[in-house]
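Reader: Before we discuss the fold and the copies, could you show me the sequence and the structure?

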Amino acid sequence: MTSNSILTAEDLFKFIEKVWRYMRSITGDGVRLTLKDGKDLIPELEIYEIPTGTKIWDWTVPKEWIFRSAKILNSRGGVVLDSDDNNLHVLNYSEPVNKKLKLEALQKHLFSLPEYPSAIPYRTSYYERNWGFCIQHEARKKLLPDDYQVTIDSEFIDGSMTFGQVYIPGKVKNEILFSTYICHPMMANNELSGPAIALGLSSYLKSLNNYYSYRILFYPETIGSLYFLSRNLEHLQRNLIAGYVLTCLGDELTWNFMPSRTGITLADKIAKRVLERLKIKYTHNSFLMRGSDERQYCSPNIDLPVCSVMRSKYGSYPEYHTSKDNLNFISTNGLHESLYFYTKIIDEFESNRIPKLKIYGEPMLSRRNLRKTLGGGELSSDENLISNVIAYSDGHHDLTEMSKLFETSVNSISEIVKLLEKHKIIACL
Amino acid sequence: MTSNSILTAEDLFKFIEKVWRYMRSITGDGVRLTLKDGKDLIPELEIYEIPTGTKIWDWTVPKEWIFRSAKILNSRGGVVLDSDDNNLHVLNYSEPVNKKLKLEALQKHLFSLPEYPSAIPYRTSYYERNWGFCIQHEARKKLLPDDYQVTIDSEFIDGSMTFGQVYIPGKVKNEILFSTYICHPMMANNELSGPAIALGLSSYLKSLNNYYSYRILFYPETIGSLYFLSRNLEHLQRNLIAGYVLTCLGDELTWNFMPSRTGITLADKIAKRVLERLKIKYTHNSFLMRGSDERQYCSPNIDLPVCSVMRSKYGSYPEYHTSKDNLNFISTNGLHESLYFYTKIIDEFESNRIPKLKIYGEPMLSRRNLRKTLGGGELSSDENLISNVIAYSDGHHDLTEMSKLFETSVNSISEIVKLLEKHKIIACL
Amino acid sequence: MTSNSILTAEDLFKFIEKVWRYMRSITGDGVRLTLKDGKDLIPELEIYEIPTGTKIWDWTVPKEWIFRSAKILNSRGGVVLDSDDNNLHVLNYSEPVNKKLKLEALQKHLFSLPEYPSAIPYRTSYYERNWGFCIQHEARKKLLPDDYQVTIDSEFIDGSMTFGQVYIPGKVKNEILFSTYICHPMMANNELSGPAIALGLSSYLKSLNNYYSYRILFYPETIGSLYFLSRNLEHLQRNLIAGYVLTCLGDELTWNFMPSRTGITLADKIAKRVLERLKIKYTHNSFLMRGSDERQYCSPNIDLPVCSVMRSKYGSYPEYHTSKDNLNFISTNGLHESLYFYTKIIDEFESNRIPKLKIYGEPMLSRRNLRKTLGGGELSSDENLISNVIAYSDGHHDLTEMSKLFETSVNSISEIVKLLEKHKIIACL
């Protein structure tokens, strides 16, 4: 595969396997390595660093977390737990520790899931110093009274928060956003399917001669999207016509739609239109069930047109946020279906337009060879369609809506819109 | 009862009895005495005087009417009618007269109700000089040809129009209005029940640590509310969130809702919500059946959110505007029910809020101890509710609407709103 | 008939007969003669000239076309076709030609209707130089190989485009528009019925003491209405409350309603109200079926409240744009019905008002003798109606809507509106 061909679901699965072991977090080399591997696939992926201490509205970029290893040994030197086995074993953002502990003291720093005893849970402590280990509950139950040696080799430095962006300029400044996150260690559906699909869409977009501008964001969840919003809110409120949070896109079990807060934005309308056109059965979730960066994009005072289409939805499948959300939970076919769905979203935007008449009254069409010069007879169906497209280019009807109204294919209307744009009679959103 | 306890329906009935005999009108000492007795109960009641001749939009404050007595004697000196028996016997605002008249000449100055022969009607002539007597029709029919001596001892002076106001500042400038009138002599349901309930609500409000500011107005009907509006229109259009006209609140027969002109204001919404919550059966009147100061508050160009909940409605019960609308027509229980209803209106506003997020994006909750610092697990139901309240604090959802949406009690939401206000995350309307 | 009486359908039919033979086009003496005959009926008809070369948004006024005659002779000198027999025989705006041609060369310049062989079609070539003849298909089929002499005696000069306007000022600047066109040669339903009805309405309006101002336009279709719009757009967007395109009003076969683009303007509302009141069965066309100057009036960026009520609709009857749309296709009765309908439209506007309160609060009615000075009793039904009219004079309710709401006749409400206008309490749209 060269960097110019379109990434397939197989390529995306390989990418996920490649970056699987990196210790991702909201800062640190795990993120950098993940983005670097992404850049190998999409050279247009630009990587940025936001220094520790940067203010982001109500938030501040924390110190960067450097993690090397985490281990628990028993008094005989036997390995009870080793982060080399699974990144999830360490409480993410653990401070350094190196001490001997009795079992009951250790227990306070262990996290496990009694209701799911074979899974390692995923736990974090980004904004308060803490340390801990995540462990299968069945293993935890077998721990005997002993003196345990716990070692976490980590460090906090004045570093930075890393993020990536692919910006694909189009013919117009109006833009469409895909936002994904890169802060979860060793989980597949939530989250590596998200960055993988984002890379796939980037490669797809590069193959297009796109009309809209596209922005694909790879941020740590929450603080990352807040950083982006805080630096670009005016631009977005003026130019963003639709956006989608890419997450939970790797399995094949279900489809889920998470609307924007109002549920009536162009992003919602197009998502539902494509879901219906592809005859996909999906669950229409309430915004009350939100859980990812739509929380920021749809926040009061921000109110951007952003929603999400997912497969098995965060918070609603047992494997979520555990070691069981692994490479077996997702599949090449699941990635393929999700990629296909979002390329159809892009196609819908690219083939769609919201035209607006630029002149007053009907244009003089015959001098542009858009109407026969001979008058008095009936208009041809093409002439009629040109006339109708002009009459409804009021900035409110998109091509699909015109298609229904005129009982004509979107393609025919699209052709006419292009022609009228060329003649500077209309301009499109 | 001290001036600091909450007035009961019994207290209000006593107030009505006390002020019963004062000759109220749109000006004069009857109003002053009534307000003075009110001030004895609510010392915060401020009394104002608006001089004769003051311009009020299309109106002018008339001369003040001083009334002492009105009598008709027959030629033998026998008393035919004496205003000492009932204030209604004199045409309100009668000019002075002192002359002998034949019966047929007297007839032109008599007002009675053939269809309700035992009742003295209530008649006024505020803005044109006139004189007259209101009399039971059955008494009028018995009058024999004779020379009658008619005497009305009254006077018009450059005085003033008197009104009272209780203003109870709250934590915010946004205010709720209760408007009542004090210009009707010797009638109970319409009108003394109105000022009585207004005093009761004033005492109730004093017992609260109220959030909204409250304004309770005691004005002569029509010209009084117009005076108030003409001097405060901008303030009201900016800060008045709801208002109610207090009238016809003393009997126990029925309940009536008079909507605002549009019927969709916050005042309407809260009134109907409380009526329904209390399972009160009521008549939903058309605004065409309006009759009191909602005529001014809902006038085009004014358009304030003001409506009214009444018992037997003005204009719709036989005793209305007659001597039969007396102390027997109302009851302590009727006053009690009405007072209770309006305290529930106040409670609904006080327990309600319309929150608005003050920051951009989701706030950083864990540094305020509003979320556990440990991430990755499920949010607790409290954490979830905090997050939902923030997400819907868009300035359009009130607590009750959030309660329905989140399927949680208003109290739980209210607690969270208070917490978020304390943390300066949201502010409320 | 004097110029001061109301034109009858008979008068209009005579006018149509009189101007029948003039060679109308978008410019030239045919238009001038037609307008001059119109001015003989309505002296208020003002005639204007717009010079060749004048810019009109996307258009330019073309050279004026002077036409004298068009003929085809066969080699024996026999007349094959002569424009003296029918104006439609010449391609409108034909350039001069004088040459001998073989039949196959001539064929390229002949226009006929195979599907309607006895009719001469109507064809034009305003904006590209061309020449041609329109001929019955049955005659065309009989043409034998021969050398034909073709002569078109015409000329293009720097002249002007001619249009007419009757402006009847009313009591207010708000205006109602009737727009018709005068560019079609020798066709009756489309188009002479339009100018005829426009003259009839002008005479009707002159007989009224009209409240609204009326503008009746006689323009060449498309470029004429565009000229008018380009010079008056701001004025119209501020003052035009409704407009109607007058076309296809001479036959008796059907009724057709062509809505404005949005379908919800005051023009639509009143047209549908009158159609329903007169119990006229009509076809409600889609705006997609538009065909006359509503194309300009309802264009995006222009968006004026203009629609149309027609009889047999342009484009939908076989005789349309052929020599069969002649004086037999229309009738005095058809014109009479159409004239009657539009006078009812005018009556509806003239008897209608959209009142707006000019003062704040309720006015002081008794000092204007609009309410009895004696208060306390019930309002009379007139007093009540006055009060209701004032309360709903919010600039959104028209008399008919008030009539429904108050369950009273429009006339009663209208009387009260006049009274309140006289007293400067309300003003009307």
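Reader: How many bridges join strand β13 of chain B to strand β16 of chain B?

Author: In this predicted model, local features need pLDDT of at least 70, side-chain atom pairs count only at pLDDT 80 or more, and totals for chains, interfaces and linings use all residues. Residues are numbered from 1 along each chain as its sequence is written, with chains lettered from A and ligands numbered from 1 in the order in which they are written. Strands are DSSP runs of E of at least two residues, helices runs of H or I of at least four, both numbered from the N terminus, and two strands pair if DSSP finds at least two bridges between them. Strands β13 (residues 240–245) and β16 (residues 306–310) of chain B run parallel, G243(B) has V306(B) as its bridge partner, and the number of bridges joining the two strands is 2.

Reader: Which strands of chain B stand at the edges of the sheet?

Author: The open sheet has 8 strands with mixed pairing, in the order β1-β10-β12-β11-β13-β16-β14-β15 (chain B). Each edge strand has a single partner, so one side of it is left without a neighbour in the sheet; these strands are β1 (46–51) and β15 (283–284) of chain B.

Reader: Which rotation superposes chain A on chain B?

Author: Copies are superposed by least squares on the C-alpha atoms of residues with pLDDT of at least 70 in both. The superposition gives an RMSD of 0.1 Å, with 0.2 Å of shift along the axis and a rotation of 120°. The two copies are thus related as by a three-fold rotation axis, and the rotation asked for is 120°.
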